[in-house]
Amino acid sequence: MSNSVAIVGMGYTSPRPLTPEVSYKEMIYEAAIKAYHDANLPSHKDIDGFVTCAEDFIEGTSIFDEYTPDQLGGVQKPMHTITGDLLHGIATAVMNIQTGQQDIVVVEAHSKLSNVKSLDHITHYATDPILTRPLNVNPHAFAALDMQRFLHVSKNTLKHCAEVVIKNKRNAFKNDLSCHAQNLTVQEVLDSEETFRPLTHLQKASPVDGAFVFVLANAKKAKKLNKKPIWIRGCGWISDSPSLETRAWDTCDYAKLSGQMAYRQAKIKNPKTQIDFFEIDDTYAFKELQHLEALGIYDKGKSGNALLNGALDPDGAMPTNVSGGTLGVGTFHDASGGLRTVEMIKQLRGEAGPRQLKKANTGLAFSWRGVPTTSGITVIYSRKGA
Amino acid sequence: MNLKGTPLKGKDFENGHVLTTKSRSNAFYAWDTGQGIGKYLQGLKEGKILGTYCKKCDRTVVPPRVFCELCMGSNIEWRVLKDTGRINTFSICYVNWDASRVEHPHLPAVIEIDGATKGHGIMHVLDEVAPKDIKIGMKVKAVWKRKEERKGDITDIQYWKPL
Amino acid sequence: MSGKDEVAIVGAGMTKFMRRAKETPKELCFEAVRAALDSAEMTLDDIDCVIHGTAPDAFDGIHMKGEYLSDGSGAFKKPYMRGYVGGGTGVFSPIQGWYHIASGQFETALVVCEEKMSSFQPHPQGAFLTIFDNMTERPLKPNLLWIFALEMNRYMQTYGITIEDIAHVSVKNKNNAIKHPAAQLGKEITLEEVVNSEVLAWPVHREMVSPTSDGACAVILANKKRAKKITPKPIWISGVGWNLDTSYWTNRDLAYPQYVENAARLAYKMAGIKEPKKQINIVEPYDPFAYKECHHLEGLLLADKGKAPQLAIDGVTQRTGNMPSCPSGGLLGVGNPIAAAGLMKVCELFWQLRGEAEARQVPGKPKYGLAQAWGDLMQVGTVIIVRN
């Protein structure tokens, strides 16, 4: 991507299943203050634009963007909301900076999922009101449909899916942000409560609360502000069909095409050799494998065996979800791109402590917006600018 | 210009020319009030209106917050404000949200609270006043619920009346 | 890059605005998109990315409404992004389209705005009950009219403006809308009829409020290279600005929309406009309520503080006046499917500056047009300046 943009600061709160002592505004304020400090910003007044990623029904407020500016220092500043993953916010900030009209842009996303008391009902409310909603099917069942088809076409197995859970929850032990680290066996995963066959309870990420704030800047400001700017080399985002009837179940095109778009920008010809590590959506365990294959990291049906051979482990050839992923840390829904970006920055800066990878020059983060959507986004981060 | 779009009338539904599906959102929330609003609501339960003072901006605000949105500092002090104020603006509202008429008009107002910096108020409702007598700038006082009825909610103040 | 005059509007289309449409939300999007593509003689294959604008999900009764609307908006297997700033969305969406292209990442963009408010029963206003602060305001059961009545009253009191002064805006816009083929509420109406109409929330009268509506609009944007190939009459985006004020609206000066001024100043600066009153030939300020047109003309620095009603009284803002304001008929006349209504204003400028506004065409040869929208808790201003 020409016209380079870098992340110069990050701030976040400790993820926890419950956060009764703070309001969402207070939680975001903590993350913002930390991010501005990390970016060495003299004042929040130096920020030219703000982007929040949020959905009304998750917040419980219509037109939620009303409540976004104060806690970020965005009062009377250009600010808007994106209904997308935090990575969609990153892509938005990148574009705004590339226009030349804004030098420094802040991106925020948060989860207060503990305050949402009817989450599955709300997700159900995202389905087509005429064709799908009257069937009254729990929307997680759509993930089961997807999984069934994925296993059938790719010949990956239930055991492979269980191994994803085991790996990510094991990785989470080395991440102080994690809420769901655990030592498990294949049998324990597959024998956990059967929810939406072939899905079992342990194959689905659990919601946690947390806030993420990132400061992005153009090349000139980035170099001035931070000794270790992390460069955004490519952003690709794609929506497939929202209807269950016409989407590309077999090819997972939202991941495939978003990857291709990001590779093109980053001038990556061979993602298998040019990317060192991956933070990939694993809302449901099979999704990690499905997404890796769609992104071209593995050929169809090859990711499962690679996983068994240790290739996705921190010391493997394709370290994936070293952070523990959303299975190990917890899911923040549309803020999950924040967890992935934090891990990217820590690894690329060399600040990942006990889980620091030996080789971490370029990393790929991929988010999916969850059921019932087919929207995905790939962002490629690097220690080096274009 | 040939514009698309098919406007419907009530009779299209009555005579079955148009079909509809119905559903109701089942959306429930329990919002954490946090430090700032939590303490504000606790204050209301005790019959007090609390604000916060930012030293750096020399500004006392209500509703209170534990950080100042202008300077982004968290060096704030809690202040007990008065339960009197002035009407900044008001309306005499004759309709409900579904456009039906109300019997007695609602009287929403923005009330600048005494003790807060000028121009800082809250939204609430007026009563014990004839609509024609309400004026911008009028002094008003809070009418509280009885202590045992208060529950830590903005409705612990029933309404505001002329002072 | 500066972004100035680098992105053009090359096509526009819309549906009728209706109290209740037979079409589903997706179908409304589709019809607007098809009209826009046809106007530019393009197909979806020519579109690099899609931007969607729509206000609260509660209207259509669909969580993640942007996802649901994506295929109707032509986004199938394309980069698709939905942004929102409440009522300001309709003018913000083309700004989003602008930054997609001005970033250098895309050559063309399709911008779609939709609202189907009638799905919410028994009345669309119910969707607004949850816009208030969940802890400090919602327990009072406020409805949407309250806050606008409060703002209008403060504005009138501060500058000594009467209801009759403001009623001139309703008369102008509703009469203008008679000539708009998409209009829901265009009608001949007199000053007396506006002033004597039912009081909903004093000082707001029925004929000073826009209706609830269903409808969709779409525009197509292209970079310099592509725009010139697509049409001999591209309309260039010269300046953009947006600005969001604090959520604590009861701590603000309600008599003046400072955030609109901030947004306008960004847009003027980018467009190189030094004297807006002289240089802006045609303006489409956001007019969901009659007083808002006045409020906004002042925030846009196109009228002195407290003096905007006089422009309507003197006929300056008539379609044939020196600075036509809402020649489309605005939200008061054409209708108010929230996000689509804002984009309708940008469509109007597109047609006016190309000389294609038919019976609504303003006289002379307008060069610069400005459209503005507003929303949230009286809190956000979005401004776009275009030229031919």
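**Exercise 1. The contact of chains A and B**

State how many residues the contact takes from chain A and from chain B, and describe the side of chain A.

Solution. In this predicted model, the contact takes 24 residues from chain A and 20 residues from chain B. Next, look at the helices: helix 1 (24–38) and helix 4 (119–124) of chain A each supply at least two residues of the side that touches chain B. Helix 1 of chain A gives the most, with three residues. Finally, sort that side of chain A by class: eleven residues are nonpolar, eight polar and five charged.

**Exercise 2. Helix 1 of chain A**

For burial, the criterion is 20 or more other C-beta atoms within 10 Å of the residue's own. Twelve of the 15 residues of helix 1 of chain A are buried, so the helix is mostly covered.

After helix 1 of chain A comes A:Asn40, with a positive phi near 55 degrees.

**Exercise 3. A sheet of chain B**

Give the strand order of the open sheet of five strands in chain B, and say which strands stand at its edges.

Solution. The order is 8-7-4-9-10, with antiparallel pairing. Strand 8 (121–125) and strand 10 (157–162) of chain B stand at the edges; each has a single partner strand, so one side of each lacks a neighbour in the sheet. From one strand to the next, the twist averages 45 degrees.

Within the sheet, strand 4 (residues 84–90) and strand 9 (residues 139–144) of chain B run antiparallel and are joined by three bridges. B:Arg86 has B:Lys139 of strand 9 as its bridge partner. Helix 5 (residues 144–159) of chain C packs on the sheet, touching strand 4 and strand 7 (108–113) of chain B. The direction of this helix makes about 95 degrees with that of strand 4 of chain B.

**Exercise 4. Chain C**

Compare the radius of gyration of chain C with the globule rule.

Solution. Chain C contains 14 helices and eleven strands. Its radius of gyration is 19 Å, close to the 21 Å that the rule gives for 388 residues, so chain C is as compact as a globular protein of that length. Of its residues, 72% count as buried.

Notes. Residues numbered from 1 in each chain as written. Chains lettered and ligands numbered in written order. Predicted model: local features only at pLDDT ≥ 70, side-chain atom pairs only at ≥ 80, totals over all residues. Contact = placed C-beta atoms within 7 Å. Helix = DSSP H or I, 4+ residues; strand = E, 2+ residues; numbered from the N terminus. Nonpolar A, V, L, I, M, F, W, Y, C, P; charged D, E, K, R; others polar. Rg over C-alpha atoms; globule rule 2.2 N^0.38 Å. Pairing = 2+ DSSP bridges. Axes fitted to C-alpha atoms, helices over the stretch in contact; angles between N-to-C directions.
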